[in-house]
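Subject: Structure for you to look at

Hello,

Here is the structure I said I would pass on. Please have it open while you read the notes that follow.

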Amino acid sequence: MTASTPSSEQPVPGVRGSALHRFANPARFLRLARAVQPWLLAVTLVSLLAGLYFGLVASPIDYQQKDTVRIMYVHVPAAWMAMFGYSTLAIASAVGLIWKHPLADLAGKAAAPIGAGFTIIALATGSLWGKPTWGTWWVWDARLTSVVVLLFLYLGYIALWNAFEQPQRGAKAAAVLALVGIVNLPIIKFSVDWWNTLHQPASISRIGTPAIDPAMLTPLLLMAVAYLGLFLLLLLLRMRVELAERRVAALQLSRSRAGESR
Amino acid sequence: MSGFFAILGRDLRLARVESGGALLAVQFFALGILLFPLGLGPEPGMLSRLGGGLLAVMALLATLLALDRLFQQDHDDGTLDLLRTSPAPLWSVVLGKALAHWLLTGGPMIVTAPLLGVLLQMSWPAIGGLCAALALGTPTLSLVGAIGASLTIGARRGGVLLALLVLPLYIPVLIFMSGTVTAAETGLAFGAHVSILGAILLLSLVLAPWASAVALRQIGE
(Lines give C-alpha, C1' and ligand atoms only; values in the text may rest on other atoms or scores of the structure.)
Protein backbone atom coordinates (compact mmCIF):
# COMPACT_ATOMS: atom_id res chain seq x y z
CA MET A 1 0.00 0.00 0.00
CA THR A 2 2.72 2.44 0.92
CA ALA A 3 4.30 2.08 -2.51
CA SER A 4 1.22 3.45 -4.26
CA THR A 5 0.68 6.30 -1.82
CA PRO A 6 3.71 8.57 -1.87
CA SER A 7 2.75 10.53 1.20
CA SER A 8 5.48 9.84 3.73
CA GLU A 9 7.59 12.75 4.96
CA GLN A 10 10.87 10.84 4.83
CA PRO A 11 12.78 10.99 1.55
CA VAL A 12 13.45 7.59 0.04
CA PRO A 13 17.02 6.58 0.87
CA GLY A 14 19.40 6.34 -2.05
CA VAL A 15 17.75 8.90 -4.27
CA ARG A 16 18.39 11.88 -2.05
CA GLY A 17 21.26 13.33 -4.06
CA SER A 18 19.66 13.41 -7.50
CA ALA A 19 18.19 16.76 -8.50
CA LEU A 20 15.47 15.02 -10.47
CA HIS A 21 14.37 12.90 -7.55
CA ARG A 22 14.53 15.66 -5.00
CA PHE A 23 10.93 16.56 -5.78
CA ALA A 24 9.77 12.98 -6.04
CA ASN A 25 9.01 13.43 -2.37
CA PRO A 26 5.45 14.80 -2.37
CA ALA A 27 5.92 16.63 0.92
CA ARG A 28 8.83 18.58 -0.49
CA PHE A 29 6.93 19.23 -3.71
CA LEU A 30 3.89 20.47 -1.78
CA ARG A 31 6.03 22.87 0.24
CA LEU A 32 7.53 24.29 -2.94
CA ALA A 33 4.13 24.50 -4.65
CA ARG A 34 2.64 26.40 -1.72
CA ALA A 35 5.53 28.85 -1.74
CA VAL A 36 5.40 29.48 -5.48
CA GLN A 37 1.64 29.75 -5.92
CA PRO A 38 1.06 33.29 -4.53
CA TRP A 39 3.80 34.65 -6.77
CA LEU A 40 2.39 32.87 -9.80
CA LEU A 41 -1.06 34.25 -8.98
CA ALA A 42 0.32 37.79 -8.71
CA VAL A 43 2.24 37.55 -12.00
CA THR A 44 -0.79 36.08 -13.77
CA LEU A 45 -3.21 38.73 -12.50
CA VAL A 46 -0.93 41.71 -13.17
CA SER A 47 0.04 40.61 -16.67
CA LEU A 48 -3.55 39.62 -17.48
CA LEU A 49 -4.94 43.01 -16.46
CA ALA A 50 -2.12 44.90 -18.19
CA GLY A 51 -2.39 42.71 -21.27
CA LEU A 52 -6.16 43.14 -21.50
CA TYR A 53 -5.85 46.93 -21.06
CA PHE A 54 -3.13 47.31 -23.69
CA GLY A 55 -4.76 44.75 -25.97
CA LEU A 56 -8.37 45.88 -25.86
CA VAL A 57 -7.98 49.62 -25.22
CA ALA A 58 -4.52 51.05 -25.72
CA SER A 59 -3.32 49.24 -28.83
CA PRO A 60 -3.91 50.55 -32.37
CA ILE A 61 -6.48 48.99 -34.66
CA ASP A 62 -5.36 47.15 -37.75
CA TYR A 63 -5.74 49.17 -40.96
CA GLN A 64 -7.54 46.24 -42.62
CA GLN A 65 -9.07 44.23 -39.82
CA LYS A 66 -10.16 47.17 -37.64
CA ASP A 67 -11.06 46.05 -34.12
CA THR A 68 -11.19 42.33 -34.92
CA VAL A 69 -7.40 42.25 -34.72
CA ARG A 70 -7.82 42.35 -30.93
CA ILE A 71 -8.94 38.71 -31.04
CA MET A 72 -5.25 38.02 -31.65
CA TYR A 73 -4.43 38.81 -28.01
CA VAL A 74 -6.57 35.96 -26.73
CA HIS A 75 -6.14 33.60 -29.68
CA VAL A 76 -2.39 33.47 -30.29
CA PRO A 77 -1.27 32.90 -26.66
CA ALA A 78 -3.95 30.19 -26.28
CA ALA A 79 -2.52 28.40 -29.32
CA TRP A 80 0.96 28.73 -27.86
CA MET A 81 -0.22 27.27 -24.56
CA ALA A 82 -2.00 24.41 -26.37
CA MET A 83 1.37 23.36 -27.77
CA PHE A 84 3.27 24.17 -24.58
CA GLY A 85 0.78 22.04 -22.67
CA TYR A 86 1.38 19.09 -24.94
CA SER A 87 5.16 19.53 -24.64
CA THR A 88 4.76 19.50 -20.85
CA LEU A 89 2.65 16.37 -21.14
CA ALA A 90 5.24 14.65 -23.33
CA ILE A 91 8.21 15.62 -21.15
CA ALA A 92 6.37 14.51 -18.01
CA SER A 93 5.48 11.24 -19.72
CA ALA A 94 9.08 10.61 -20.75
CA VAL A 95 10.34 11.33 -17.23
CA GLY A 96 7.63 9.09 -15.79
CA LEU A 97 8.47 6.22 -18.12
CA ILE A 98 12.26 6.44 -17.96
CA TRP A 99 12.89 7.31 -14.31
CA LYS A 100 9.54 6.03 -12.93
CA HIS A 101 9.14 9.43 -11.30
CA PRO A 102 5.79 9.30 -9.44
CA LEU A 103 5.10 13.04 -9.64
CA ALA A 104 5.79 13.12 -13.38
CA ASP A 105 2.80 10.81 -14.02
CA LEU A 106 0.72 13.13 -11.87
CA ALA A 107 1.99 16.19 -13.73
CA GLY A 108 0.94 14.64 -17.03
CA LYS A 109 -2.50 13.79 -15.70
CA ALA A 110 -2.87 17.31 -14.31
CA ALA A 111 -1.61 19.04 -17.46
CA ALA A 112 -3.86 17.25 -19.98
CA PRO A 113 -7.22 18.91 -19.21
CA ILE A 114 -5.57 22.33 -18.98
CA GLY A 115 -3.90 21.87 -22.35
CA ALA A 116 -7.17 20.62 -23.83
CA GLY A 117 -8.88 23.72 -22.46
CA PHE A 118 -6.36 26.05 -24.09
CA THR A 119 -6.74 24.10 -27.36
CA ILE A 120 -10.50 24.63 -27.25
CA ILE A 121 -9.98 28.35 -26.53
CA ALA A 122 -7.57 28.61 -29.48
CA LEU A 123 -10.01 26.81 -31.81
CA ALA A 124 -13.04 28.82 -30.66
CA THR A 125 -11.37 32.24 -30.83
CA GLY A 126 -9.77 31.31 -34.15
CA SER A 127 -13.18 30.43 -35.49
CA LEU A 128 -14.64 33.73 -34.26
CA TRP A 129 -11.72 35.55 -35.86
CA GLY A 130 -12.06 33.62 -39.09
CA LYS A 131 -15.68 34.64 -39.73
CA PRO A 132 -15.05 38.41 -40.14
CA THR A 133 -11.61 38.13 -41.75
CA TRP A 134 -11.77 35.00 -43.92
CA GLY A 135 -15.54 34.99 -44.33
CA THR A 136 -15.93 31.51 -42.85
CA TRP A 137 -16.01 29.89 -39.42
CA TRP A 138 -13.82 27.03 -40.49
CA VAL A 139 -11.52 25.93 -43.28
CA TRP A 140 -9.91 22.52 -43.63
CA ASP A 141 -6.37 23.78 -43.91
CA ALA A 142 -3.37 22.10 -42.37
CA ARG A 143 -2.96 24.37 -39.33
CA LEU A 144 -6.58 24.11 -38.22
CA THR A 145 -6.80 20.39 -38.86
CA SER A 146 -3.60 19.60 -36.99
CA VAL A 147 -4.82 21.60 -33.97
CA VAL A 148 -8.07 19.58 -33.98
CA VAL A 149 -5.91 16.45 -34.01
CA LEU A 150 -4.06 17.89 -31.01
CA LEU A 151 -7.36 18.24 -29.16
CA PHE A 152 -8.20 14.59 -29.86
CA LEU A 153 -4.75 13.53 -28.67
CA TYR A 154 -5.42 15.32 -25.37
CA LEU A 155 -8.85 13.65 -25.10
CA GLY A 156 -7.37 10.24 -25.92
CA TYR A 157 -4.72 10.72 -23.25
CA ILE A 158 -7.35 11.59 -20.64
CA ALA A 159 -9.56 8.65 -21.69
CA LEU A 160 -6.66 6.19 -21.57
CA TRP A 161 -5.64 7.36 -18.07
CA ASN A 162 -9.11 6.48 -16.79
CA ALA A 163 -9.65 3.26 -18.73
CA PHE A 164 -7.98 0.77 -16.39
CA GLU A 165 -8.75 -0.84 -13.05
CA GLN A 166 -5.20 -0.16 -11.91
CA PRO A 167 -4.30 3.54 -12.19
CA GLN A 168 -0.62 2.67 -12.66
CA ARG A 169 -1.39 0.84 -15.90
CA GLY A 170 -3.39 3.82 -17.17
CA ALA A 171 -0.53 6.17 -16.33
CA LYS A 172 2.01 4.15 -18.29
CA ALA A 173 -0.24 3.55 -21.30
CA ALA A 174 -1.20 7.23 -21.47
CA ALA A 175 2.47 8.20 -21.23
CA VAL A 176 3.38 6.05 -24.25
CA LEU A 177 0.47 7.58 -26.17
CA ALA A 178 1.64 11.10 -25.28
CA LEU A 179 5.11 10.32 -26.64
CA VAL A 180 3.71 8.85 -29.87
CA GLY A 181 1.56 11.96 -30.31
CA ILE A 182 4.63 14.22 -30.31
CA VAL A 183 4.81 13.75 -34.10
CA ASN A 184 1.87 16.16 -34.31
CA LEU A 185 3.75 19.10 -32.73
CA PRO A 186 6.16 19.81 -35.64
CA ILE A 187 3.22 19.30 -38.03
CA ILE A 188 1.30 22.08 -36.24
CA LYS A 189 4.34 24.35 -36.07
CA PHE A 190 5.40 24.01 -39.70
CA SER A 191 2.00 23.39 -41.31
CA VAL A 192 1.80 27.06 -42.33
CA ASP A 193 5.18 26.80 -44.07
CA TRP A 194 4.82 23.35 -45.65
CA TRP A 195 1.33 23.78 -47.04
CA ASN A 196 -0.24 26.71 -48.80
CA THR A 197 -2.72 27.54 -46.06
CA LEU A 198 -5.22 30.25 -45.35
CA HIS A 199 -3.76 30.59 -41.86
CA GLN A 200 -0.93 33.12 -41.86
CA PRO A 201 2.64 32.03 -41.06
CA ALA A 202 4.34 32.97 -37.82
CA SER A 203 5.03 36.67 -37.27
CA ILE A 204 6.79 36.54 -33.95
CA SER A 205 9.47 33.88 -34.13
CA ARG A 206 11.44 35.44 -36.98
CA ILE A 207 14.89 36.00 -35.61
CA GLY A 208 15.83 39.68 -35.34
CA THR A 209 12.89 41.84 -36.31
CA PRO A 210 9.41 40.49 -35.64
CA ALA A 211 6.91 41.28 -38.38
CA ILE A 212 4.57 42.93 -35.93
CA ASP A 213 4.44 46.46 -34.56
CA PRO A 214 5.77 46.93 -30.99
CA ALA A 215 2.43 48.48 -30.00
CA MET A 216 0.81 45.15 -30.79
CA LEU A 217 3.69 42.98 -29.67
CA THR A 218 3.63 44.35 -26.09
CA PRO A 219 0.06 43.31 -25.24
CA LEU A 220 0.58 40.01 -27.03
CA LEU A 221 3.61 39.15 -24.92
CA LEU A 222 1.85 40.33 -21.74
CA MET A 223 -1.06 38.01 -22.51
CA ALA A 224 1.39 35.21 -23.21
CA VAL A 225 2.94 35.69 -19.77
CA ALA A 226 -0.56 35.71 -18.22
CA TYR A 227 -1.57 32.50 -19.99
CA LEU A 228 1.69 30.81 -19.02
CA GLY A 229 1.23 31.87 -15.41
CA LEU A 230 -2.35 30.60 -15.45
CA PHE A 231 -1.24 27.28 -16.92
CA LEU A 232 1.42 26.76 -14.25
CA LEU A 233 -0.93 27.88 -11.49
CA LEU A 234 -3.66 25.46 -12.56
CA LEU A 235 -1.07 22.71 -13.00
CA LEU A 236 0.20 23.10 -9.43
CA LEU A 237 -3.34 23.29 -8.07
CA ARG A 238 -4.45 20.16 -9.92
CA MET A 239 -1.36 18.27 -8.79
CA ARG A 240 -2.03 19.27 -5.17
CA VAL A 241 -5.64 18.13 -5.48
CA GLU A 242 -4.50 14.84 -6.97
CA LEU A 243 -2.02 14.27 -4.13
CA ALA A 244 -4.68 15.15 -1.56
CA GLU A 245 -7.12 12.70 -3.17
CA ARG A 246 -4.54 9.93 -3.03
CA ARG A 247 -3.90 10.70 0.59
CA VAL A 248 -7.60 10.57 1.39
CA ALA A 249 -7.90 7.23 -0.41
CA ALA A 250 -4.90 5.86 1.49
CA LEU A 251 -6.30 7.04 4.83
CA GLN A 252 -9.70 5.54 4.09
CA LEU A 253 -8.04 2.27 3.14
CA SER A 254 -5.99 2.12 6.33
CA ARG A 255 -9.00 3.07 8.46
CA SER A 256 -11.15 0.34 6.92
CA ARG A 257 -8.30 -2.12 7.48
CA ALA A 258 -8.06 -1.07 11.11
CA GLY A 259 -11.81 -1.58 11.41
CA GLU A 260 -11.50 -5.10 10.02
CA SER A 261 -8.77 -6.14 12.42
CA ARG A 262 -10.69 -4.98 15.46
CA MET B 1 14.47 -13.12 -36.59
CA SER B 2 13.19 -16.66 -35.97
CA GLY B 3 10.79 -15.20 -33.40
CA PHE B 4 9.42 -12.86 -36.06
CA PHE B 5 8.67 -15.68 -38.50
CA ALA B 6 7.29 -17.93 -35.76
CA ILE B 7 4.83 -15.25 -34.67
CA LEU B 8 3.90 -14.42 -38.26
CA GLY B 9 3.24 -18.07 -39.11
CA ARG B 10 1.33 -18.65 -35.89
CA ASP B 11 -1.00 -15.69 -36.35
CA LEU B 12 -1.69 -16.64 -39.98
CA ARG B 13 -2.42 -20.26 -38.96
CA LEU B 14 -4.72 -19.08 -36.17
CA ALA B 15 -6.59 -16.86 -38.63
CA ARG B 16 -7.02 -19.80 -41.02
CA VAL B 17 -8.30 -22.07 -38.25
CA GLU B 18 -10.86 -19.49 -37.13
CA SER B 19 -12.67 -20.10 -40.41
CA GLY B 20 -13.91 -16.96 -42.11
CA GLY B 21 -12.94 -14.62 -39.32
CA ALA B 22 -9.81 -13.52 -41.08
CA LEU B 23 -11.56 -11.88 -43.99
CA LEU B 24 -14.20 -10.04 -41.97
CA ALA B 25 -12.27 -6.77 -42.34
CA VAL B 26 -12.28 -6.82 -46.12
CA GLN B 27 -15.95 -7.80 -46.13
CA PHE B 28 -16.65 -4.75 -43.98
CA PHE B 29 -14.54 -2.67 -46.38
CA ALA B 30 -16.58 -3.78 -49.39
CA LEU B 31 -19.94 -3.55 -47.66
CA GLY B 32 -19.18 -0.07 -46.34
CA ILE B 33 -18.32 1.12 -49.84
CA LEU B 34 -21.56 -0.31 -51.22
CA LEU B 35 -23.51 1.83 -48.72
CA PHE B 36 -22.33 5.11 -50.24
CA PRO B 37 -23.96 4.87 -53.70
CA LEU B 38 -27.18 3.94 -51.90
CA GLY B 39 -26.86 6.79 -49.40
CA LEU B 40 -25.55 9.52 -51.70
CA GLY B 41 -27.39 8.55 -54.88
CA PRO B 42 -25.91 6.75 -57.90
CA GLU B 43 -24.89 9.80 -59.99
CA PRO B 44 -21.70 8.62 -61.79
CA GLY B 45 -19.86 11.97 -61.82
CA MET B 46 -20.16 12.40 -58.08
CA LEU B 47 -19.25 8.80 -57.30
CA SER B 48 -16.11 8.88 -59.43
CA ARG B 49 -15.08 12.15 -57.78
CA LEU B 50 -15.66 10.87 -54.24
CA GLY B 51 -14.53 7.28 -54.85
CA GLY B 52 -10.87 7.61 -53.90
CA GLY B 53 -11.62 9.41 -50.66
CA LEU B 54 -14.37 6.95 -49.71
CA LEU B 55 -12.10 3.95 -50.29
CA ALA B 56 -9.30 5.56 -48.27
CA VAL B 57 -11.62 6.34 -45.34
CA MET B 58 -13.11 2.84 -45.43
CA ALA B 59 -9.59 1.38 -45.42
CA LEU B 60 -8.90 3.25 -42.17
CA LEU B 61 -12.12 2.03 -40.56
CA ALA B 62 -11.75 -1.56 -41.74
CA THR B 63 -8.20 -1.68 -40.37
CA LEU B 64 -9.59 -0.85 -36.93
CA LEU B 65 -11.92 -3.85 -36.93
CA ALA B 66 -9.35 -6.58 -36.31
CA LEU B 67 -6.99 -4.44 -34.22
CA ASP B 68 -8.51 -4.97 -30.77
CA ARG B 69 -7.88 -8.71 -31.10
CA LEU B 70 -4.21 -8.21 -32.01
CA PHE B 71 -2.92 -8.62 -28.44
CA GLN B 72 -6.04 -9.05 -26.30
CA GLN B 73 -6.49 -12.80 -26.84
CA ASP B 74 -2.80 -13.48 -26.26
CA HIS B 75 -3.01 -11.44 -23.09
CA ASP B 76 -6.10 -13.27 -21.85
CA ASP B 77 -4.68 -16.79 -22.33
CA GLY B 78 -1.20 -15.92 -21.04
CA THR B 79 0.66 -16.21 -24.36
CA LEU B 80 1.77 -12.62 -24.06
CA ASP B 81 3.53 -13.32 -20.76
CA LEU B 82 5.48 -16.13 -22.44
CA LEU B 83 6.36 -13.89 -25.37
CA ARG B 84 7.51 -11.18 -22.99
CA THR B 85 9.88 -13.54 -21.20
CA SER B 86 11.07 -15.28 -24.37
CA PRO B 87 14.57 -14.55 -25.74
CA ALA B 88 13.11 -13.13 -28.97
CA PRO B 89 13.09 -9.32 -28.78
CA LEU B 90 9.62 -7.94 -28.18
CA TRP B 91 9.77 -5.58 -31.15
CA SER B 92 10.18 -8.53 -33.51
CA VAL B 93 7.08 -10.12 -31.98
CA VAL B 94 5.16 -6.88 -32.59
CA LEU B 95 6.49 -6.65 -36.13
CA GLY B 96 5.40 -10.23 -36.86
CA LYS B 97 1.92 -9.62 -35.48
CA ALA B 98 1.57 -6.32 -37.38
CA LEU B 99 2.64 -7.99 -40.63
CA ALA B 100 0.16 -10.83 -40.07
CA HIS B 101 -2.55 -8.24 -39.39
CA TRP B 102 -1.65 -6.41 -42.60
CA LEU B 103 -1.65 -9.61 -44.68
CA LEU B 104 -5.15 -10.36 -43.42
CA THR B 105 -6.64 -6.83 -43.72
CA GLY B 106 -4.58 -4.43 -45.87
CA GLY B 107 -3.55 -7.02 -48.43
CA PRO B 108 -7.08 -8.21 -49.29
CA MET B 109 -8.20 -4.56 -49.38
CA ILE B 110 -5.60 -3.72 -52.04
CA VAL B 111 -6.88 -6.66 -54.12
CA THR B 112 -10.55 -5.69 -53.82
CA ALA B 113 -10.02 -1.92 -54.19
CA PRO B 114 -9.85 -1.96 -58.05
CA LEU B 115 -13.14 -3.85 -58.22
CA LEU B 116 -14.81 -1.40 -55.86
CA GLY B 117 -13.23 1.47 -57.80
CA VAL B 118 -14.87 0.22 -60.98
CA LEU B 119 -18.21 -0.02 -59.17
CA LEU B 120 -17.76 3.63 -58.12
CA GLN B 121 -17.05 4.64 -61.76
CA MET B 122 -13.49 5.72 -60.96
CA SER B 123 -11.09 6.24 -63.88
CA TRP B 124 -8.24 3.78 -64.46
CA PRO B 125 -5.44 6.25 -63.56
CA ALA B 126 -7.28 7.00 -60.30
CA ILE B 127 -7.59 3.28 -59.54
CA GLY B 128 -3.87 2.83 -60.21
CA GLY B 129 -3.04 5.70 -57.86
CA LEU B 130 -5.39 4.24 -55.26
CA CYS B 131 -3.67 0.85 -55.35
CA ALA B 132 -0.24 2.46 -54.99
CA ALA B 133 -1.53 4.56 -52.09
CA LEU B 134 -3.12 1.58 -50.35
CA ALA B 135 0.00 -0.55 -50.85
CA LEU B 136 2.15 2.03 -49.04
CA GLY B 137 -0.51 3.35 -46.65
CA THR B 138 -2.15 0.26 -45.17
CA PRO B 139 1.07 -1.25 -43.70
CA THR B 140 1.47 2.01 -41.75
CA LEU B 141 -2.10 1.65 -40.52
CA SER B 142 -1.35 -1.85 -39.17
CA LEU B 143 1.91 -0.73 -37.54
CA VAL B 144 0.46 2.37 -35.85
CA GLY B 145 -2.59 0.32 -34.94
CA ALA B 146 -0.34 -2.12 -33.12
CA ILE B 147 0.72 0.70 -30.79
CA GLY B 148 -2.90 1.46 -30.00
CA ALA B 149 -3.73 -2.22 -29.55
CA SER B 150 -0.90 -2.71 -27.06
CA LEU B 151 -1.95 0.41 -25.12
CA THR B 152 -5.56 -0.68 -24.71
CA ILE B 153 -4.97 -4.27 -23.54
CA GLY B 154 -7.28 -4.86 -20.62
CA ALA B 155 -8.89 -1.44 -20.87
CA ARG B 156 -12.56 -0.89 -20.18
CA ARG B 157 -14.36 -0.46 -23.51
CA GLY B 158 -11.04 -1.13 -25.20
CA GLY B 159 -12.43 -1.35 -28.73
CA VAL B 160 -13.98 2.12 -28.79
CA LEU B 161 -11.01 3.59 -26.96
CA LEU B 162 -8.63 2.02 -29.49
CA ALA B 163 -10.49 3.72 -32.34
CA LEU B 164 -10.38 7.08 -30.56
CA LEU B 165 -6.64 6.80 -29.93
CA VAL B 166 -5.62 5.51 -33.33
CA LEU B 167 -7.79 7.50 -35.75
CA PRO B 168 -6.10 10.88 -35.02
CA LEU B 169 -2.75 9.23 -35.73
CA TYR B 170 -4.12 7.85 -39.02
CA ILE B 171 -4.98 11.29 -40.39
CA PRO B 172 -1.65 11.98 -42.16
CA VAL B 173 -1.89 8.63 -43.98
CA LEU B 174 -5.46 9.44 -45.04
CA ILE B 175 -4.46 12.87 -46.35
CA PHE B 176 -1.66 11.54 -48.52
CA MET B 177 -3.61 8.49 -49.71
CA SER B 178 -6.48 10.61 -51.00
CA GLY B 179 -3.94 13.16 -52.29
CA THR B 180 -2.37 10.43 -54.41
CA VAL B 181 -5.74 9.46 -55.90
CA THR B 182 -6.72 13.07 -56.63
CA ALA B 183 -3.40 13.79 -58.32
CA ALA B 184 -3.54 10.56 -60.35
CA GLU B 185 -7.11 11.28 -61.43
CA THR B 186 -6.30 14.77 -62.73
CA GLY B 187 -3.20 13.54 -64.53
CA LEU B 188 -0.75 15.31 -62.23
CA ALA B 189 2.43 13.69 -61.00
CA PHE B 190 1.64 11.87 -57.76
CA GLY B 191 5.20 10.85 -56.99
CA ALA B 192 5.50 13.34 -54.13
CA HIS B 193 2.45 11.94 -52.32
CA VAL B 194 3.67 8.37 -52.82
CA SER B 195 7.14 9.32 -51.57
CA ILE B 196 5.69 10.84 -48.40
CA LEU B 197 3.54 7.74 -47.83
CA GLY B 198 6.70 5.66 -48.21
CA ALA B 199 8.58 7.90 -45.80
CA ILE B 200 5.79 7.60 -43.21
CA LEU B 201 5.85 3.82 -43.69
CA LEU B 202 9.62 3.62 -43.14
CA LEU B 203 9.39 5.82 -40.07
CA SER B 204 6.60 3.78 -38.52
CA LEU B 205 8.39 0.55 -39.47
CA VAL B 206 11.24 1.66 -37.22
CA LEU B 207 9.35 3.42 -34.43
CA ALA B 208 6.01 1.61 -34.08
CA PRO B 209 7.31 -1.87 -33.08
CA TRP B 210 9.58 -0.23 -30.54
CA ALA B 211 6.81 1.97 -29.06
CA SER B 212 4.45 -0.99 -28.95
CA ALA B 213 7.09 -3.12 -27.22
CA VAL B 214 7.57 -0.38 -24.60
CA ALA B 215 3.80 -0.40 -24.01
CA LEU B 216 3.69 -4.21 -23.74
CA ARG B 217 6.53 -4.23 -21.24
CA GLN B 218 4.64 -1.76 -19.00
CA ILE B 219 1.85 -4.30 -18.48
CA GLY B 220 4.09 -6.81 -16.76
CA GLU B 221 5.40 -4.34 -14.22
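Please keep in mind that the model is a predicted one.

B:Arg156 sits in the loop that runs between α8 and α9 of chain B. Between B:Arg156 and B:Ala213 there are 57 residues of separation in sequence, and their C-alpha atoms are 21 Å apart in space.

Helix α8 of chain B covers residues 124-151, and helix α9 of chain B covers residues 158-185. How are they arranged relative to each other, in angle and in distance between axes? The angle between them is about 170°, and their axes are 9 Å apart. Angles over 145 degrees count as roughly antiparallel, and α8(B) and α9(B) are therefore roughly antiparallel to each other. The crossing of α8(B) past α9(B) is right-handed. Sorted by type, the residues of this contact are 20 nonpolar, 7 polar and 1 charged.

Helix α1 (residues 2-17) of chain B packs on helix α6 (residues 90-104) of chain B. Here the angle is about 35° and the axes are 8 Å apart. This crossing, of α1(B) past α6(B), is right-handed. Which residues make the contact? From α1(B) they are B:Gly3, B:Phe4, B:Ile7, B:Leu8, B:Asp11, B:Leu12 and B:Ala15. From α6(B) they include B:Ser92, B:Val93, B:Leu95, B:Gly96 and B:Lys97, and also B:Leu99, B:Ala100, B:Leu103 and B:Leu104. By type, the residues of the contact of α1(B) with α6(B) come to 11 nonpolar, 3 polar and 2 charged.

Chain B as a whole

Chain B contains 10 helices and 0 strands. Its order along the sequence is α-α-α-α-α-α-α-α-α-α. The radius of gyration of chain B is 18 Å, close to the 17 Å that the globule rule gives for 221 residues, so chain B is as compact as a globular protein of that length. Along the principal axes, the C-alpha atoms of chain B fill a box of roughly 55 × 35 × 30 Å. Buried residues are 49% of the 221 residues of this chain. If you take the contacts in chain B between residues at least 6 apart in sequence, 81% of them join residues at least 24 apart.

Chain A

Chain A contains 8 helices and 0 strands, in the order α-α-α-α-α-α-α-α. Of its 262 residues, 36% are buried. Among the contacts in chain A with a separation of 6 or more, 74% are between residues 24 or more positions apart.

Where the chains meet

Regards

Key
Residues numbered from 1 in each chain as written. Chains lettered and ligands numbered in written order. Predicted model: local features only at pLDDT ≥ 70, side-chain atom pairs only at ≥ 80, totals over all residues. Axes fitted to C-alpha atoms, helices over the stretch in contact; angles between N-to-C directions. Helix = DSSP H or I, 4+ residues; strand = E, 2+ residues; numbered from the N terminus. Parallel < 35°, antiparallel > 145°, perpendicular 65-115°, else oblique. Left-handed = near helix turned anticlockwise from the far one by under 90°. Nonpolar A, V, L, I, M, F, W, Y, C, P; charged D, E, K, R; others polar. Rg over C-alpha atoms; globule rule 2.2 N^0.38 Å. Buried ≥ 20, exposed ≤ 12 C-beta atoms within 10 Å, placed from the backbone. Contact = placed C-beta atoms within 7 Å.
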